[in-house]
Amino acid sequence: MSLYSVCRFRALGNLNKKSDVYSFGILLCELITGQPPLIRGHQGHTHILQWVSPLVERGDIQSIIDPRFQGEFNTNCAWKALEIALSCVPPTSRKRPDMSDILRELKECQAMEMSSKMSMHDSVEMNLVLGTDMAPNLR
Amino acid sequence: MAAENSTNMLNWRARLQIAVDAAQGMTLVPESFFLHFCSANFVGLTGIIELAGLEYLHNGCRPPIVHGDLKSSNILLTENLQAKIADFGLSKAFANEEDSHVITIPAGTPGYIDPEYVFKLNVNHLSQCLFS
């Protein structure tokens with residue numbers, strides 16, 4: 001084992017569960033925004049939280065959510081997911097929730113998304129199915 | 001995190017599922033593995049890659065296990081886009097809930113690392129590690 005890995009290994013003494021919660025919050029931000037944790041720019045790197053904070057203050061969910069979703073998401077659910085992500089990342093570890101709370105909230109968020117109206121893609125498919133089935137009745 | 005599908009991009013629902021899976025874990029992992037993983041003699045699993053979810057590591061294991069290097073590249077996706085946390089190279093089991101603060105040197109990955117943890121970097125502890 002190299003000196004470096006010995007040090008890394010010993011360093012774990014100061015990690016705790018809330019350190020994982022912080023990392024999970026960053027991971028969640030990444031899933032929501034499609035941005036990496038460190039965003040490369042002209043003046044060096046910007047941390048994803050620095051990037052997202054002003055957009056949250058402006059309430060600009062459309063700019064926060066990964067544009068590649070092309071509008072196929074439930075806005076309330078997206079806010080809820082972002083709220084969960086941001087609850088994981090206070091600088092003080094004491095203020096971060098437990099993973100069991102995060103899991104419960106995420107499941108609620110997922111249920112909200114699944115119960116919302118069908119995505120654009122599903123609607124188009126459903127129209128096509130209904131179109132063929134309904135055709136004889138319409139004649 | 002890269003997944004091969006027709007659009008090469010994970011939609012919103014798929015990403016929500018990944019978040020839930022990563023938080024949840026344990027569903028497909030053999031019980032025997034966790035019996036070993038959670039044993040009292042467990043110290044660390046440097047280099048060993050296995051799969052689990054965070055909530056289980058924190059609350060389903062006694063002693064609880066801290067992953068220590070959670071990031072998107074450590075999230076593996078199955079063919080069905082089910083997410084599993086991998087790479088326990090930095091993980092550690094603690095003797096009890098409150099155990100911590102032995103040596104403080106940043107571990108983990110820039111961008112994902114707990115700012116409070118970085119803040120606690122202590123030069124004395126660094127030299128203690130380097131010269132012991």
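In the predicted model, A:Asn76, A:Cys77, A:Lys80, A:Ala81 and A:Ile84 of helix H5 in chain A meet A:Ile102, A:Glu105, A:Leu106, A:Cys109, A:Met112 and A:Glu113 of helix H6; two residues are in contact if their C-beta atoms, placed from the backbone, lie within 7 Å. By class, this contact has seven nonpolar, one polar and three charged residues (Ala, Val, Leu, Ile, Met, Phe, Trp, Tyr, Cys and Pro count as nonpolar, Asp, Glu, Lys and Arg as charged, and the others, Gly among them, as polar). The axes of H5(A) and H6(A), the latter spanning residues 99-115, come within 9 Å and cross at roughly 170°, which makes the two helices roughly antiparallel. Axes are lines fitted to C-alpha atoms, for helices over the stretch in contact, with angles from 0 to 180 degrees between N-to-C directions; angles over 145 degrees count as roughly antiparallel. Helices (H or I, at least four residues) and strands (E, at least two) are DSSP runs, numbered from the N terminus.

H5(A), residues 75-87, also packs with H2(A), residues 17-33: their axes come within 8 Å and cross at roughly 155°. H2(A) is therefore roughly antiparallel to H5(A). Here A:Gly25, A:Leu28, A:Cys29 and A:Ile32 of H2(A) meet A:Ala78, A:Ala81, A:Leu82, A:Ile84, A:Ala85 and A:Leu86 of H5(A), a set that divides into nine nonpolar, one polar and no charged residues.

The strands, residues 38-41 and 44-47, pair in the antiparallel sense over four bridges, pairing requiring at least two DSSP bridges. A:Gly41 has A:Gly44 in E2(A) as its bridge partner.

As for confidence, chain A averages a pLDDT (the predictor's confidence in each residue, from 0 to 100) of 80, and 73% of its residues score at least 70. Chain B has a mean of 61, with 42% of residues at 70 or more; its helix H1 (residues 12-24) is highest at a mean of 89 and its helix H2 (residues 31-37) lowest at 39. In chain A, pLDDT stays under 50 over residues 123-139, which have two contacts beyond four places in sequence. Where pLDDT is low, the predicted coordinates should not be read in detail. The model scores ipTM 0.75 and pTM 0.69.

Residues are numbered from 1 along each chain as its sequence is written, with chains lettered from A and ligands numbered from 1 in the order in which they are written. For this predicted model, local features need pLDDT of at least 70 and side-chain atom pairs count only at pLDDT 80 or more, whereas totals for chains, interfaces and linings use all residues.

Notes. Angles under 35 degrees count as roughly parallel, over 145 as roughly antiparallel, 65 to 115 as roughly perpendicular and the rest as oblique.
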